[in-house]
Amino acid sequence: MLLNLNLNPKKVFLLDACGAVVSAVLLGLVLTALEPLIGMPTLILQKLAITACFFAAYSFFCFWRLPENWRPFLKVIAMANFCYCLYTIFLVISLYQVLTPLGIAYFIGELIVIFVLVAFEWKRSTHVD
């Protein structure tokens with residue numbers, strides 16, 4: 001397994017938060033500037049970036065103020081990330097005609113990374129130490 005299920009929960013929240021920041025920057029700054037090369041409308045990219053910012057804020061908060069009973073909080077971000085993936089799949093299917101191959105590749109890559117993170121977060125939240 002790539003990630004250790006005994007990884008400190010603070011580090012899991014930090015990993016999630018940093019990943020969300022990277023997504024927010026890519027979606028909100030990089031991809032919006034490259035919108036003609038991606039095909040995803042700028043407004044949608046911005047909404048996805050704002051969502052990633054909320055996820056980052058939640059995970060950073062959990063990192064800084066790790067509750068004693070942290071497992072439900074990790075399940076919340078795992079489910080939020082899963083819903084984000086479902087929404088992204090919906091967008092890619094709905095906007096397939098306007099997306100470029102580069103745009104499709106970006107979103108498939110992002111989905112793979114987030115699905116792996118979701119699986120890890122869910123397993124970590126249910127793993128007995």
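**Exercise 1. State how many residues helix H3 has and how its span compares with the expected one.**

Solution. Helix H3 (residues 42-64) has 23 residues. From its first C-alpha to its last it reaches 32 Å, close to the 33 Å expected at 1.5 Å a residue. The expected span is 1.5 Å times one less than the number of residues. Helices here are DSSP runs (H or I, at least four residues), numbered from the N terminus.

The model is predicted: local features need pLDDT of at least 70, side-chain atom pairs count only at pLDDT 80 or more, and totals for chains, interfaces and linings use all residues. Residues are numbered from 1 along each chain as its sequence is written, and side-chain values use heavy atoms, with hydrogens and water left out.

**Exercise 2. Find which residues of H3 are buried and what they pack against.**

Solution. Buried means under 20% relative accessible area (1.4 Å probe, protein chains only). In H3 the buried residues are Ile44, Leu45, Leu48, Ala49, Ala52, Phe55, Ala56, Ser59, Cys62 and Phe63. They pack against helix H1 (9-33), H4 and H5.

**Exercise 3. Describe how H3 packs with H4.**

Solution. Step one is the geometry: the angle is about 170° and the axes are 11 Å apart. Axes are lines fitted to C-alpha atoms over the stretch in contact, and angles run from 0 to 180 degrees between N-to-C directions. H3 is therefore roughly antiparallel to H4 (an angle over 145 degrees).

Step two is the contact (heavy atoms within 4.5 Å). On H3, the residues include Ile44, Leu48, Phe55 and Tyr58; on H4, they include Phe73, Val76, Ile77 and Leu91.

Step three is class: the contact of H3 with H4 has 12 nonpolar, 4 polar and no charged residues. Ala, Val, Leu, Ile, Met, Phe, Trp, Tyr, Cys and Pro count as nonpolar, Asp, Glu, Lys and Arg as charged, and the others, Gly among them, as polar.

**Exercise 4. Describe the packing of H4 with H5.**

Solution. Helix H4 (residues 71-94) and helix H5 (residues 101-126) pack at about 155°, with axes 9 Å apart. H4 is therefore roughly antiparallel to H5. Their contact has 16 nonpolar, 4 polar and 5 charged residues.

Definitions and conventions: Helices (H or I, at least four residues) and strands (E, at least two) are DSSP runs, numbered from the N terminus. Angles under 35 degrees count as roughly parallel, over 145 as roughly antiparallel, 65 to 115 as roughly perpendicular and the rest as oblique. Buried means under 20% relative accessible area, exposed over 50%, partly exposed in between (1.4 Å probe, protein chains only).
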